[in-house]
Amino acid sequence: MKTMTCIEDLRETAHRKVPRAFIDYAEAGSYAEQTLRANRADLERIKLRQRILCDVSARSTATTILGEPSALPLSLAPIGLCGMQHGDGEILACRAAQQAGIPFTLSTMSICSIEDVAAAVDKPFWFQLYVMKDRGFIRALIERAAAAKCSALVLTVDLQVLGQRHNDIRNGMTVPPELRIKNIIDIATKPAWALSVLRGKRKTFGNIAGHVSGMESVTVLSEWTASQFDPALNWKDVEWIKSLWPGKLILKGILDVEDARIAAKTGAAALVVSNHGGRQLDGAPSSISALPPIVDAVGSDIEVMFDGGIRSGQDLARALALGARSCMSGRAYIYGLGAAGQAGVARAIEIMRNELDVTMALMGVTKVADIDRHVIASL
Ligand code: GLV
């Protein structure tokens with residue numbers, strides 16, 4: 001693992017080990033991928049101030065997220081199909097996050113179910129909710145998350161309708177993989193992946209199969225999403241969800257100041273500035289460019305988290321400098337998962353932790369709370 005020096009090393013390894021359809025799914029942005037690229041480009045444009053000869057001997061990357069201690073200002077974002085990047089991927093990623101002392105978010109569209117993960121880990125995790133037309137199922141899903149003692153519900157508010165990801169169509173992305181000749185040849189060259197997935201608890205969507213009819217076997221994700229997700233979702237439903245969920249609610253997928261103002265009045269504990277990793281509205285602004293006006297408008301009323309292009313500790317510092325209290329990262333840990341299972345996710349977190357620690361030292365900062373707009377050299 002030591003030779004994995006940065007997230008890019010994990011990414012390259014994951015590309016060698018994971019079948020094309022699944023790594024393409026994780027990498028995809030929607031349509032022309034302009035917003036996907038803008039997320040990274042705009043982060044990289046932010047230059048940090050180098051400060052010298054400050055005593056930085058006593059540094060800490062620790063902080064609190066939603067009032068709970070966290071070793072880093074980082075949580076693992078909800079990602080669908082983790083268990084197709086590596087068998088039992090959700091359990092492995094959750095264990096790595098918990099060992100590193102940061103929150104993990106389980107996606108509704110996970111392979112391992114809420115109950116599978118709860119039985120395999122020691123501490124509570126967050127559960128991400130997609131709202132489908134079948135509200136009885138959604139109520140039951142919320143009850144299952146509460147029964148599993150999930151410590152926050154992350155309601156995704158930017159995916160009522162799915163942005164098209166061209167490669168998913170070209171690859172015929174299904175779960176489990178459709179046995180086309182092209183896929184069989186691809187999987188045959190990835191034996192470690194095949195073994196891990198074969199040994200995994202499940203081969204389809206654990207939260208849904210057996211609960212929603214038509215989900216017992218192979219499905220084309222994009223078609224299923226289009227038929228089941230509820231495009232009528234609106235702010236009244238947020239109230240309904242809040243009335244069902246006894247714990248902390250996080251609204252993920254806010255990019256607009258007006259929406260942030262409404263979100264801050266819902267009683268949610270946090271909002272996540274996010275464009276869904278550039279996978280939804282192509283042409284939307286980068287997440288990092290949307291962050292400062294949202295922080296200015298609602299940062300004192302609601303905890304503002306950031307998601308969108310985080311690949312390093314330097315990126316964590318950039319988002320915190322622009323006002324985020326903490327960040328979510330998805331692809332960075334998915335690369336680790338595809339590269340080396342639990343050890344790979346642990347390495348991804350360790351890489352970003354070490355980078356943040358050194359970055360803080362070189363900026364002359366010793367505490368996460370001191371990473372603010374003063375550490376920016378130019379935008
Ligand atoms: C689902 O969250 C997706 O972006 O595919």
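**Terms and model.** A residue is called buried if its relative accessible area is under 20%, exposed if that area is over 50%, and partly exposed in between, as found with a 1.4 Å probe and the protein chains only. Helices (H or I, at least four residues) and strands (E, at least two) are DSSP runs that are numbered from the N terminus. The structure shown is a predicted model, in which local features need pLDDT of at least 70 and side-chain atom pairs count only at pLDDT 80 or more, while totals for chains, interfaces and linings use all residues. Residues are numbered from 1 along each chain as its sequence is written, and side-chain values use heavy atoms, with hydrogens and water left out.

**View 1. The open sheet has eight strands with parallel pairing.** The order of the strands is β4-β13-β12-β11-β10-β7-β6-β5, where two strands count as paired if DSSP finds at least two bridges between them. Strands β4 (74–76) and β5 (105–106) stand at the edges, and because each has a single partner strand, one side of each is left without a neighbour in the sheet. As a general rule, the strands of a sheet pair through backbone hydrogen bonds, either parallel or antiparallel.

**View 2. Strand β11 is covered on both faces.** In this strand, which spans residues 270–273, A270 and V272 are buried on one side, and L271 and V273 are buried on the other. Strand β10 (residues 248–254) runs parallel to β11 and is joined to it by four bridges, with K252 standing opposite V272 of β11. Between these two strands the chain passes through helix α13 (residues 257–264), and this β-α-β crossover is right-handed, a term used if, with the strands pointing away from the viewer, the path from the first strand over the helix to the second runs clockwise. Strand β12 (residues 303–307) also pairs with β11 in the parallel sense, again over four bridges, and here V273 stands opposite F306 of β12. Helix α14 (residues 287–298) belongs with β11 and β12 to a right-handed β-α-β unit.

**View 3. Strand β13 pairs with both β12 and β4.** The pairing of β12 with β13 is parallel and has three bridges, and M305 has S326 of β13 as its bridge partner. Strand β13 (residues 326–329) is also parallel to β4, to which it is paired over three bridges, and L76 is found opposite S329 of β13. Together with helix α15 (residues 313–321), β12 and β13 make a right-handed β-α-β unit.

View 4. The distance from a ligand oxygen to an N or O atom of the side chain is 2.7 Å for Y25, 2.6 Å for R165 and 2.9 Å for H276. Taken alone, the ligand exposes 190 Å², of which the protein buries 88%; such accessible areas come from the Shrake-Rupley method with a 1.4 Å probe, and for residues only the protein chains shown count as cover.

**View 5. S287 lies in helix α14 and D370 in a loop.** With a relative accessibility of 0%, S287 counts as buried, and its side chain reaches the backbone oxygen of D307 at 2.9 Å. Not counting residues up to four places away in sequence, S287 touches several residues, among them N39, L255, V273 and F306, where contact means heavy atoms within 4.5 Å. The loop that holds D370 is between α16 (331–363) and β14 (376–378), and D370 is partly exposed, with a relative accessible area of 35%. Leaving aside neighbours within four places in sequence, D370 is in contact with V365 and V375.

**View 6. E33 has a positive phi although it is not a glycine.** The phi of E33 is about 60°, and this residue is found in the loop between α2 (20–27) and α3 (34–45). At 26% relative accessibility, E33 counts as partly exposed.

Technical notes
A polar contact is a pair of N or O atoms within 3.5 Å; within protein, one must be able to donate a hydrogen and the other to accept it, and residues adjacent in sequence count only if both atoms are side-chain atoms.
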